Amino acid sequence: MSYDTIIKGAKVVTASGVTICDIGITNGIIVTLGLALENAKNTIDASGLIALPGGIDSHVHISQPSGPGIEMADDFKSGTCSAACGGNTTVLPFCLPEGPQSLRKAVEEYQDKALGQCMTDVSFHLIIKDTDSVTLGQELPALIQAGYTSLKVFMTYAGLALTDRQILEVMSVAREHKAMVMVHAENEDAINFLQENALRDGKTNPYHHAMTRPIPVEREATHRAISLAEIAGIPLTIVHVSNGEATQEILQARGRGLKVFAETCPQYISLTAKDLDQDNFDGAKYVCSPPPRTSEEWPKIWAGIEQGAFDLFSSDHCPFRFTSITGKDAPGARTNFRNIPNGIPGVETRLPILFSEGVVKGRISLERFAELTATNHARLYGLYPQKGAIMVGADADIALWNPEKSKQIKQSDLHHGTDYTPWEGFQVTGWPVRTILRGLTTMLDGEPIGEPIGKYLFRTAPDVCK
Ligand code: DUC
Ligand code: ZN
Ligand code: ZN
């Protein structure tokens with residue numbers, strides 16, 4: 001047998017365990033896993049390296065409309081370049097209609113923005129903010145049918161938050177047409193109440209963003225979202241879970257046999273609300289929702305990661321420039337934390353942080369790392385078995401890791417469009433040294449390589465929704 005490419009001698013993290021073997025690739029597909037493979041146009045010596053499934057980051061924001069005068073710092077070109085440089089081969093950003101735009105029109109325009117720009121494969125979740133009869137009765141069913149098989153609903157933010165009734169209506173469409181619902185669980189009324197009180201008391205700096213979105217705000221909404229999904233009879237994914245109490249809600253729901261899945265992110269095991277409490281407006285760099293908590297929450301999140309409460313470890317990459325009036329320094333942001341755009345960058349640093357804090361520190365195995373960063377994303381969002389695992393028949397999406405490479409995270413080494421990283425100076429061990437998308441190298445030794453070969457992935461119904 002001859003191959004386009006053979007990757008030789010890596011420690012390969014396959015669906016059935018970790019083994020040293022060669023990977024034979026033809027036409028962008030893994031065709032053989034075996035020993036002493038020969039006959040290839042291209043041979044990659046990977047001895048001493050670990051071959052992991054290319055990262056799938058199923059929670060990123062790219063070129064998303066963010067309000068008047070506000071611009072996201074990444075378009076598809078920079079966002080997917082940064083993703084590829086961080087060991088990812090697929091990202092799933094969110095398509096959000098702008099103002100009164102229809103969902104269908106938003107998808108068309110978002111497709112145009114991505115076309116020919118991507119260094120990873122991409123697929124879109126749909127954000128549902130309108131529940132009129134055209135959106136729910138016609139457009140959403142047609143789009144799910146066409147391969148947009150996941151949607152996100154918000155329980156917070158003016159203009160995005162849905163009522164319980166509206167959420168149930170969206171869930172009912174998802175049930176009928178077999179799509180995964182993702183929920184941003186924070187209680188909008190409680191946040192508004194706390195924010196207005198804080199501002200009245202002159203508490204205006206970024207720290208009060210965190211103080212006005214306390215844990216009970218998230219715990220209550222998590223409980224309510226799970227109850228609504230139970231009433232509607234659908235599986236549910238709770239995204240960006242930040243603390244132990246919300247994790248307990250998820251575990252209790254599972255204990256009752258509900259199909260509830262959960263995601264957490266690097267910020268909830270490595271940042272705290274104190275990071276928002278800095279002079280010179282620097283705290284704005286860490287404003288995201290839910291906010292980072294205290295370091296006492298970190299072990300509770302780790303327990304959830306280790307024990308299986310969490311299925312997904314995503315970045316929630318949501319990049320805004322720090323030194324720009326189109327970003328964190330928006331008009332009024334310095335005098336009122338409510339005007340600071342919400343979100344932090346992290347698509348390039350997600351995998352190294354989990355590898356270092358999780359695998360290298362002995363908290364999780366390589367197999368669990370692969371599940372949390374790739375396999376479960378593919379399974380829950382309708383990309384498996386094409387994506388998410390190193391196995392015969394799957395796309396040859398592989399990240400080669402140097403497990404010993406020690407590095408301090410630095411803005412100057414990253415490829416995103418923002419002008420800072422929340423993890424400046426954070427020490428990690430282990431870094432991806434080569435990213436391979438469908439058999440072709442997209443990153444080598446920290447730099448992007450080649451043309452933007454990423455393509456759009458139309459997805460099937462997730463197995464748990466069938
Ligand atoms: N929710 C997200 O999912 N990302 C960034 C901001 C937010 O509130
Ligand atoms: Zn969210
Ligand atoms: Zn997000």
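Donors here are N, O and S atoms within 2.8 Å of the metal. The model shown is predicted.

**View 1. Three residues coordinate the zinc ion (ligand 2).** The donor atoms are NZ of K152, ND1 of H184 and NE2 of H240. Their distances to the metal run from 2.1 to 2.2 Å. Along the chain these donors follow the spacing K-x31-H-x55-H. Water is not among the atoms, so the site may look incomplete.

**View 2. K152 and H240 link distant parts of the chain.** K152 sits in strand 10 (residues 150-154). H240 belongs to the loop between strand 12 (236-238) and helix 8 (244-255). The two are 88 residues apart. Both K152 and H240 are buried.

**View 3. H59, H61 and D316 hold the zinc ion (ligand 3).** Each histidine contributes NE2, and D316 contributes OD. The donor residues are spaced H-x1-H-x254-D in sequence.

**View 4. H59 and D316 tie together parts of the chain that are 257 residues apart in sequence.** H59 lies in strand 6 (residues 55-60), and D316 in the loop between strand 14 (312-313) and helix 11 (350-360), so the pair joins these separate parts. H59 has a relative accessible area of 0% and is buried. D316, at 8% relative accessibility, also counts as buried, because the cut-off for buried is under 20%.

Key: Residues are numbered from 1 along each chain as its sequence is written. Chains are lettered from A and ligands numbered from 1 in the order in which they are written. This is a predicted model: local features need pLDDT of at least 70, side-chain atom pairs count only at pLDDT 80 or more; totals for chains, interfaces and linings use all residues. Side-chain values use heavy atoms; hydrogens and water are left out. Donors are N, O and S atoms within 2.8 Å of the metal (3.2 Å for Na, K and Ca); water is not among the atoms, so sites may look incomplete. Helices (H or I, at least four residues) and strands (E, at least two) are DSSP runs, numbered from the N terminus. Buried means under 20% relative accessible area, exposed over 50%, partly exposed in between (1.4 Å probe, protein chains only).
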